[in-house]
Amino acid sequence: MWARVGLLSSVALGSTMFWAQKNKTEESPYELKLIQVLFRHGARTPLKSIPDVLEAQWIPELLKAPAHTEIDYTITDLQGGPRPPSPVEDSYRSRILTGGTYPGQLTTVGMEQLYDLGVRLRKRYIEDVPFLTPSFNPKEVYIRSTNIVRTIESAKCLVAGLFQQKQAGVVSILTDKSESEVLYPNYHGCKLLRLHSGPRWAESSKLSDIAEDLRSIQSALGVGPHQSLDFILIRDDMVARETHGLPVPTALEHWRNIVEKRAVDMMCYIYEPSKRQIVQMCVGPFFHMLLTNIEDKVQGIGSNPDRKLFLYSVHDTTLMPCLMALGIFDMKWPPYAADITLEMYQHRQTNQHYVKVSYIGQDQKIPGCSDVYCPLNEFKEAMAVYSVPLERYWAQCNSAEHHPEL
């Protein structure tokens with residue numbers, strides 16, 4: 001009897017191995033040509049603490065960099081010159097949280113999250129499909145980050161995970177000066193965006209349902225009515241505490257789902273996706289950049305024909321309008337280390353090009369696309385209403401007049 005069971009097991013195992021081998025050797029009709037990954041930074045210290053409540057201790061030990069996330073890297077401007085000043089980072093460093101650290105700083109937990117994202121990308125693009133060179137190659141990989149320490153460090157950690165600290169040359173992380181940044185909605189640099197969207201930030205907390213819930217939670221938390229508080233700030237502090245195992249005010253535990261919903265409701269009011277105008281001003285030049293990278297690859301032009309991977313280290317306020325523009329926003333706040341990945345393929349038989357979009361590892365069917373593998377022309381048409389060339393974007397930004405084409 002045991003021999004028979006053993007024989008059956010061997011046959012079953014052999015059959016499984018046969019099918020696994022067969023499936024592995026079956027070639028996909030789609031050949032990968034280009035990858036672009038937009039990812040949110042990892043877990044961080046809060047931007048502000050909720051006033052008048054139990055304080056969390058944000059101690060320096062929470063920010064230690066694990067040895068396996070270290071690489072040899074440099075930070076430059078977009079032309080390879082010195083890193084520009086960072087007024088956003090300077091504003092963080094003008095304040096200190098309880099415990100002794102600055103607001104908005106990447107923590108050890110956040111570093112590990114981005115390292116893990118790098119490992120996931122390694123499995124997909126090096127181990128499962130041998131597309132990228134197993135060690136970092138500057139000809140293949142382009143890395144751009146917003147000029148803020150947490151996004152720069154997040155990019156570094158992702159690269160460490162993706163290439164397992166193996167590199168042929170120094171890793172360059174490119175940044176832009178704050179006034180011309182297009183990797184997040186630039187309220188300081190774009191006058192038109194500030195004019196249309198700025199007032200909506202203040203208005204969003206005054207919408208009747210949101211305002212009523214805000215009064216109730218302030219009362220439950222014991223926060224005085226004179227304190228400036230909104231659901232985005234509450235959520236930011238709450239999620240930062242939860243992620244790092246720090247104490248959360250008891251009252252917040254009962255309000256958790258409301259806080260999540262109302263924070264997203266505020267962002268939807270601020271960006272007003274149904275009208276397209278504000279979302280286009282938030283992501284227009286970034287989308288144009290992504291489409292240009294695809295087009296350059298298709299045409300075989302561009303400054304670096306060997307480029308295979310573009311990495312963009314950004315923020316939740318980048319990913320949300322991007323998801324809205326793509327038509328795949330799920331009404332949930334993008335978690336730390338969330339990624340939107342755009343893959344460009346060429347069909348082996350027809351030579352036609354396709355784009356596949358995924359969000360946090362899940363393939364997405366874009367509205368306006370006939371399939372998950374979206375024919376390039378369909379993808380370009382779906383994105384055309386949001387994509388804005390850089391020159392036109394800044395011309396619009398610098399005029400406070402209403403632009404009907406927006």
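Axes here are lines fitted to C-alpha atoms, for helices over the stretch in contact, and angles run from 0 to 180 degrees between N-to-C directions. We're working with a predicted model, where local features need pLDDT of at least 70, side-chain atom pairs count only at pLDDT 80 or more, and totals for chains, interfaces and linings use all residues. Residues are numbered from 1 along each chain as its sequence is written, and side-chain values use heavy atoms, with hydrogens and water left out.

**Exercise 1.** At what angle do the axes of α5 and α9 cross, and which residues make the contact?

*Solution.*
- Start by finding the helices, which are DSSP runs (H or I, at least four residues) numbered from the N terminus, while strands are E runs of at least two. You want α5 at residues 191-204 and α9 at residues 277-299.
- Their axes come within 10 Å and cross at roughly 125°.
- α5 and α9 are therefore oblique to each other (under 35 degrees is roughly parallel, over 145 roughly antiparallel, 65 to 115 roughly perpendicular, the rest oblique).
- Now the contact (heavy atoms within 4.5 Å): α5 brings L192, L193, H196, S197 and R200, and α9 brings Q277, I278, M281 and C282.
- Sort those residues and you get five nonpolar, three polar and one charged. Nonpolar covers Ala, Val, Leu, Ile, Met, Phe, Trp, Tyr, Cys and Pro; charged covers Asp, Glu, Lys and Arg; the others, Gly among them, are polar.

**Exercise 2.** How do α9 and α10 pack, and what classes of residue make up their contact?

*Solution.*
- The axes of α9 and α10 are 9 Å apart, at an angle of about 90°.
- That makes the two helices roughly perpendicular to each other.
- On the α9 side, look for V279, C282, V283, F286 and F287; on the α10 side, T318, P321, C322, M324, A325 and L326.
- By class, that's ten nonpolar, one polar and no charged residues.

**Exercise 3.** Is α4 mostly covered or uncovered, and what follows this helix?

*Solution.*
- α4 runs over residues 149-163, and its 15 residues reach 21 Å from the first C-alpha to the last.
- That's close to the expected 21 Å (1.5 Å times one less than the number of residues).
- α4 is mostly covered, with 14 of its 15 residues buried (under 20% relative accessible area; exposed is over 50%, partly exposed in between, using a 1.4 Å probe and protein chains only).
- Next comes Q164, with a positive phi near 50°.

**Exercise 4.** Where does M331 sit, and what is its phi?

*Solution.*
- M331 is in the loop between α10 (316-326) and β6 (339-347).
- Its phi is positive, about 65°, although M331 is not a glycine.
- With a relative accessible area of 45%, M331 is partly exposed.
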